[in-house]
Amino acid sequence: MAVYFASHSIPLAIVTTLACSLLLQVVYFGSVLFLLWRSSCACRADERAKPFHNAVWKPAATR
């Protein structure tokens, strides 16, 4: 609506709306890929740290 009121052109308003929609879709897709990449990095870091989590001190009598 803002583009139409600023330019008084329906074709320009339609093209601008489609361009903004496409840009929003691309940014959304990129953010989902980024979140998937970040979660996979966190999983790999957690798997590398597991041997340290299992190395709990136990008294000599229970070993």
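Predicted model: local features only at pLDDT ≥ 70, side-chain atom pairs only at ≥ 80, totals over all residues.
**Entry 1: the nonpolar patch**

A patch here is made of residues with over 30% relative accessible area and no salt bridge, and nonpolar side chains are joined within 5 Å.

Which residues make the nonpolar surface patch? I found M1, Y4, F5, I10, I14 and L18, and together they cover about 680 Å².

Next I looked up where these residues sit. Helix 1 (2–7) and helix 2 (10–54) each supply at least two residues of the patch. Helix 2 gives the most, with 3 residues.

L18 lies in helix 2, and I noted it as exposed because its relative accessible area is 57%, where exposed means over 50%.

**Entry 2: the chain as a whole**

I then stepped back to the whole chain. I counted 2 helices and 0 strands in the protein chain.

How much of the chain is buried? Buried residues make up 2% of the 63 residues. I also wrote down the accessible surface of the protein chain, which comes to about 5900 Å². Of that surface, 73% belongs to carbon and sulfur atoms.

**Entry 3: aromatic pairs**

A pair of aromatic rings is described by the distance of the centres and the angle of the planes, so I looked for both values each time.

How many aromatic pairs are there? The count comes to 2 aromatic pairs. One of them is formed by Y4 and F5, a tilted pair with 5.8 Å centre to centre and 55° between the planes. I had already met both residues in the nonpolar patch. Y4 is partly exposed, with a relative accessible area of 32%, whereas F5 counts as exposed at 53% relative accessibility.

**Entry 4: cysteines**

How many disulfides does the whole structure hold? My search of the whole structure found 0 disulfides.

I still looked at C20 and C41. C20 counts as partly exposed at 43% relative accessibility. C41 is also partly exposed, with a relative accessible area of 27%.

T16 was my next stop. T16 lies in helix 2 and counts as partly exposed at 24% relative accessibility.

**Entry 5: the loop**

Last, I went to the loop between helix 1 and helix 2, where H8 has its place. H8 has a positive phi of about 55° although it is not a glycine.

Is H8 buried or exposed? I noted H8 as exposed, because its relative accessible area is 62%.

Definitions and conventions: Residues numbered from 1 in each chain as written. Heavy atoms only, no water. Patch = residues over 30% accessible without salt bridge, like charges linked within 9 Å, V, L, I, M, F, W, Y side chains within 5 Å. Areas by Shrake-Rupley, 256 points an atom, 1.4 Å probe, with all protein chains shown as cover. Salt bridge = Lys/Arg side-chain N within 4 Å of Asp/Glu carboxyl O. Helix = DSSP H or I, 4+ residues; strand = E, 2+ residues; numbered from the N terminus. Buried < 20%, exposed > 50% of the residue type's maximum accessible area, 1.4 Å probe, protein only. Phe/Tyr/Trp six-rings, centres within 6.5 Å; stacked < 30°, edge-to-face > 60°. Disulfide = S-S within 2.5 Å.
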